[in-house]
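Me: I have a model open and want to learn how to read its features. Can we go through them one at a time?

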Amino acid sequence: MFLKVDWNILWTVLNLLVLYLLARRFLFTPLRRAMKARQDAIADELKRASDARAVGEELQRHNEEQMHAASRAASRLVDDARDHADQAYEIILAQAKQDSRHELEEMRVRIAREEALAKERLQTQTASLILEAAAKLASRKMTDADDLTLIDRFCRGEE
């Protein structure tokens with residue numbers, strides 16, 4: 001049971017060997033290169049996506065920090081504005097109090113002047129009434145009894 005080798009088998013083996021070498025050279029090698037290029041492209045895309053994600057996360061973190069900083073700055077501005085408004089209120093209130101005191105003092109001075117003027121008029125009128133009464137009394141002849149009656153009436157506040 002020996003195998004008989006004939007030329008057809010030998011040529012078939014030789015053809016298969018040549019076909020294998022040609023397929024390896026012209027089919028498998030370019031196919032491996034294409035697969036390697038595709039694998040490298042995919043790896044490169046994944047790396048770029050990872051880098052982009054890292055950059056995006058960094059930008060997001062940076063934006064959040066800026067938002068917090070802006071929020072703190074806005075809060076400080078509001079607090080400063082509130083403090084400024086409180087100070088302005090205090091200044092206006094103090095000015096109003098000072099104006100009120102000044103006006104009150106002017107009114108007191110005016111009232112004192114009016115009182116002095118009214119006293120002066122009253123004294124003038126009183127003096128004129130006294131002179132008139134004295135002139136009437138002087139024109140009439142009075143006795144000692146009339147003088148005493150007149151003094152009594154004057155002391156009691158009668159006319």
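Reply: Start with exposure. Buried means under 20% relative accessible area, exposed over 50%, and partly exposed in between, with a 1.4 Å probe and protein chains only. Arg53 is exposed, with a relative accessible area of 60%. Note that this is a predicted model: local features need pLDDT of at least 70, side-chain atom pairs count only at pLDDT 80 or more, and totals for chains, interfaces and linings use all residues. Residues are numbered from 1 along each chain as its sequence is written, and side-chain values use heavy atoms, with hydrogens and water left out.

Me: What share of the 159 residues of the chain counts as buried?

Reply: The share is 0%. The accessible surface of the chain is about 15300 Å² (Shrake-Rupley method, 1.4 Å probe; for residues, only the protein chains shown count as cover). Carbon and sulfur atoms account for 62% of that surface.

Me: How many helices and strands are in the chain?

Reply: Both are DSSP runs, numbered from the N terminus: helices are H or I with at least four residues, strands are E with at least two. The chain has two helices and zero strands. Helix H1 covers residues 7-139. Helix H2 covers residues 144-156 and includes Phe154. Phe154 is exposed, at 70% relative accessible area. From Phe154 to Ala96 is 58 residues in sequence and 52 Å in space, C-alpha to C-alpha.

Me: Which residues does UniProt list for "transmembrane region"?

Reply: UniProt positions are in the numbering used here, feature names are shortened, and annotations may be inferred rather than shown by experiment. The unreviewed entry lists residues 6-23. In the model, that stretch is 94% helix and 0% strand, with its end C-alpha atoms 26 Å apart.

Me: How do I read salt bridges?

Reply: Side chains of opposite charge can pair when their charged atoms come close. The cut-off is a side-chain nitrogen of Lys or Arg within 4 Å of a carboxyl oxygen of Asp or Glu. The structure holds eight of them. One joins Arg82 and Asp79, with the closest N and O atoms 3.5 Å apart. Both lie in helix H1, three residues apart, about one turn of the helix. Salt bridges that share partners also link Asp44, Glu45 and Arg48 into one network.

Me: Why are Arg48 and Asp44 separated by about one helical turn?

Reply: Because they are four residues apart in helix H1. Arg48 is partly exposed at 44%, and Asp44 is partly exposed at 37%. Glu57 and Arg53 are another pair, with a salt bridge at 3.8 Å, N to O. They too are four residues apart in helix H1, so about one helical turn separates them. Glu57 counts as partly exposed at 48%.

Me: What lies over the face of Phe26?

Reply: A charge sits over a ring if NZ of Lys or CZ of Arg is within 6 Å of the ring centre and within 35 degrees of the ring normal. Here Arg25 lies over the face of Phe26, at 5.8 Å from the ring centre.
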